[in-house]
Amino acid sequence: MTVTSGASPGFDGAIIPDMRDRRSSPWLGRSPLPPGTKDTNLQIMLVVEDGIRRYSVEGMFRSLDIRLTARFSTDVEDISTFGNGQLIISSGSARTPMPTGIAEKLRRHHIDVLILVDPADVIDQSWADHANGFLDWADLRPETLGDAIADVAAGRFHVSATLARRSVAAPDQAGADATSKRASMIALTGREHQVLRLIAEGQSNRQVARSLSISEHGVKRTVGIILAKLNCPNRTLAVVRAMESGLLVM
């Protein structure tokens with residue numbers, strides 16, 4: 001591994017001064033990403049406010065079987081200087097609204113976003129709309145981080161096992177109130193409810209996108225979140241489970 005000092009090349013070819021928490025390091029793993037990923041040398045920006053956690057993730061990068069160039073920051077505003085990178089991994093900043101300029105940059109450059117979450121985190125909708133995957137800090141290990149990065153880079157929506165289980169966890173009990181209690185444990189956003197209802201009406205992703213005036217990619221991402229929350233492998237079963245639990249009334 002080589003850690004730069006002084007000035008280092010930016011991802012867009014510019015020279016970016018090397019500063020505290022804003023350094024760029026090429027870390028070359030032992031093998032490239034699986035077929036289907038955008039690039040065999042990923043450009044990644046890690047935005048984690050907590051220093052201990054950030055250094056922990058940095059250390060995990062060293063053991064990944066993925067070739068990548070990483071840049072680190074504690075300030076979400078630094079995303080505006082990310083250039084032509086392919087993936088942003090963010091943590092606590094996702095609890096607050098995403099700055100408008102950054103949202104536009106992500107859309108314009110088609111930059112993927114992976115969000116690290118804690119059990120108590122409530123992700124702001126502006127970040128959820130751009131997320132390509134969620135990874136629970138409780139699941140974070142080199143192998144799970146590598147899997148999440150590979151999935152997102154290959155265009156697959158990623159939700160870690162612990163997060164998926166927690167999203168659908170419910171008391172195991174019999175009784176008339178069991179269904180309502182189960183439903184109360186699954187929290188869908190207003191947008192997720194809209195997409196789920198349109199899916200239940202038989203609309204395709206393209207039709208849903210037109211109905212809600214959002215991108216088809218945004219619909220696919222929302223559907224991925226819904227499937228993860230309802231612990232369902234497909235749209236049909238998700239609608240059935242939502243109706244059974246009282247989340248969806250037709």
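How much space lies in the second largest cavity? I shall open with that question and then widen the view. The structure under discussion is a predicted model. The answer is about 30 Å³. A search of the whole structure finds two cavities of 30 Å³ or more.

The second largest cavity is lined by Gln125, Ala128, Asp129, Arg191, Glu192, Thr222 and Ile225. Three elements, helix H3 (125-128), helix H7 (190-200) and H9, each give at least two residues to that lining. By class, the lining divides into two nonpolar, two polar and three charged residues.

The secondary structure of the protein chain comes to ten helices and nine strands. Of its 250 residues, 48% are buried. Among contacts between residues at least 6 apart in sequence, 68% join residues at least 24 apart.

I turn next to the second largest pocket. Its volume is about 410 Å³. The pocket is lined by 18 residues, and those closest to its centre are Arg107, Asp129, Ser215, His217 and Arg221. The largest share, four residues, comes from H9. In terms of class, the pocket lining has five nonpolar, seven polar and six charged residues.

Serine 93 is found in the loop between strand S6 (87-90) and H2. Is serine 93 buried or exposed? Its relative accessibility is 6%, under the 20% limit, and serine 93 therefore counts as buried. Leaving aside residues up to four places away in sequence, serine 93 touches Val47, Glu49, Val76 and Trp127.

Threonine 74 lies in the loop between strand S5 (68-73) and S6. With a relative accessible area of 30%, threonine 74 is partly exposed. Threonine 74 and serine 90 are 16 residues apart along the chain, and their C-alpha atoms are separated by 9.4 Å.

Two further loop residues concern the backbone. Histidine 110, in the loop between H2 and S7, has a phi near 55°, a positive value in a residue other than glycine. Serine 213, in the loop between helix H8 (205-212) and H9, likewise has a phi near 55°, again positive in a residue other than glycine. As to accessibility, histidine 110 is at 60% and counts as exposed. Serine 213 is at 67% and also counts as exposed. Both classifications follow because exposed means over 50% relative accessible area.

Finally, I come to the aromatic rings. How many aromatic pairs does a search of the whole structure find? The search finds one. There are also arginines placed over ring faces. Arginine 53 lies over the face of tryptophan 137, at 4.2 Å from the ring centre. Its sequence neighbour, arginine 54, lies over the face of tyrosine 55, at 4.9 Å from the ring centre.

To close, I return to helix H9. This helix supplies the largest share of the lining of the second largest pocket, and H9 also gives at least two residues to the lining of the second largest cavity.

Note on methods:
Residues numbered from 1 in each chain as written. Predicted model: local features only at pLDDT ≥ 70, side-chain atom pairs only at ≥ 80, totals over all residues. Heavy atoms only, no water. Phe/Tyr/Trp six-rings, centres within 6.5 Å; stacked < 30°, edge-to-face > 60°. Lys NZ or Arg CZ within 6 Å of the ring centre and 35° of its normal. 1 Å grid on protein atoms, 1.4 Å probe; cavity = no way out; pocket = protein on both sides within 12 Å on 5 of 7 lines; lining within 4 Å. Points joined across faces, edges and corners; volume = space filled by probe spheres on them. Nonpolar A, V, L, I, M, F, W, Y, C, P; charged D, E, K, R; others polar. Buried < 20%, exposed > 50% of the residue type's maximum accessible area, 1.4 Å probe, protein only. Contact = heavy atoms within 4.5 Å.
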